[in-house]
Amino acid sequence: MTELLQIIDQFLQTGIWAASLVFLRVGAAVALLPAFGEQVTPLRVKLAAVIGFTLIIAPIVWQEVELVLKNYSWASIAGIEVLAGLIIGMIFRLLVNSLQIAGTVVAQSTSLSQMFGAGLGAEPQPAISTLLVVSGLSLAVMAGLHIRIVEVFLASYDIFPPGKLILPENITPWGVGRVSHAFVLGLTLAGSFILASFVYNLALGAINRAMPQLMVAFVGAPAISFGGLVLLMVVAPIMLVAWLAVFVEYTDPARKLF
């Protein structure tokens, strides 16, 4: 009993500070994580997620963090931990943004961009973007999002050791590459709609030249909207499966994240 009390006392003296640094890294990442960090998610749920992830990760890494605290002050490490957490959150958030980009491109290509929904944040989004994002988040959660998040957190302590400065020249190429990949992925997912829109407008122009007296706009607008919805019904499952495969690949700790 005495040994147990000594262990608890030692943890309260040193381990609690190490756990608080883990809490900072996890809390900063959860603010950007998909599903857990959405603006529509209640703050109590976000706080519970932060505490839950901290309780899982802290016992594994607290000794490593505690060794760093012997050489550096808590305040000097806190900012680095927050920055590391934000970078981890961006790994997941940019992949979700690719679905928003795809939905926006689809809506503009099919003349459905005027159909706005509440979205998952403060900014309104086309209804198609909201549909793709919600579906993608559901697939990610079903595929074990919480397990993948814990694995990335644990791998981050090898990539961003506690107390080590994160230099801009090391992060900038990664950030530019990830942002460009999000745009490329979004445009790739919406590629079939871009092609359909191109063929449609090309055919509409040919019809207009052949029959100038025909009001092609009144005939073509309902046609592209209806065709876009039918194409969305057929292609959306394929888009989501392809996105999930990229999501699983790019959040795999065994893969080089940076």
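Start by selecting glutamate 151 and arginine 148, which both lie in helix H5 (residues 145–159), three residues apart, about one turn of the helix. Helices here are DSSP runs (H or I, at least four residues), numbered from the N terminus. The side chains of glutamate 151 and arginine 148 meet in a salt bridge, 3.3 Å from N to O. A salt bridge is a side-chain nitrogen of Lys or Arg within 4 Å of a carboxyl oxygen of Asp or Glu. Glutamate 151 is partly exposed at 33% relative accessible area, while arginine 148 counts as buried at 18%. Buried means under 20% relative accessible area, exposed over 50%, and partly exposed in between (1.4 Å probe, protein chains only).

The model is predicted: local features need pLDDT of at least 70, side-chain atom pairs count only at pLDDT 80 or more, and totals for chains, interfaces and linings use all residues. Residues are numbered from 1 along each chain as its sequence is written, and side-chain values use heavy atoms, with hydrogens and water left out.

By the rule above, the count comes to three salt bridges. Next, select arginine 25 and glutamate 81, whose closest N and O atoms are 2.9 Å apart in a salt bridge. Arginine 25 lies in helix H1 (residues 2–30) and glutamate 81 in helix H3, so the pair ties together parts 56 residues apart in sequence. Arginine 25 is buried at 0% relative accessibility, and glutamate 81 is buried at 1%.

Move to arginine 93 and glutamate 38, whose side chains form a salt bridge at 3.0 Å, N to O. Arginine 93 is in helix H3 and glutamate 38 in the loop between H1 and helix H2 (43–69), 55 residues apart. Arginine 93 counts as buried at 12% relative accessibility, as does glutamate 38 at 7%.

Now select serine 98, also in helix H3. Serine 98 is buried, with a relative accessible area of 0%. Which residues does serine 98 touch, not counting those up to four places away in sequence? They are Ala182, Leu185, Gly186 and Trp243, where contact means heavy atoms within 4.5 Å.

Last, show helix H3 (residues 74–109) with helix H7 (residues 191–210); their axes come within 9 Å and cross at roughly 15 degrees. Axes are lines fitted to C-alpha atoms, for helices over the stretch in contact, with angles from 0 to 180 degrees between N-to-C directions. The contact is made by Val105, Val106 and Ser109 of H3 and Phe193, Ile194 and Ser197 of H7.

How values were computed
Helix = DSSP H or I, 4+ residues; strand = E, 2+ residues; numbered from the N terminus.
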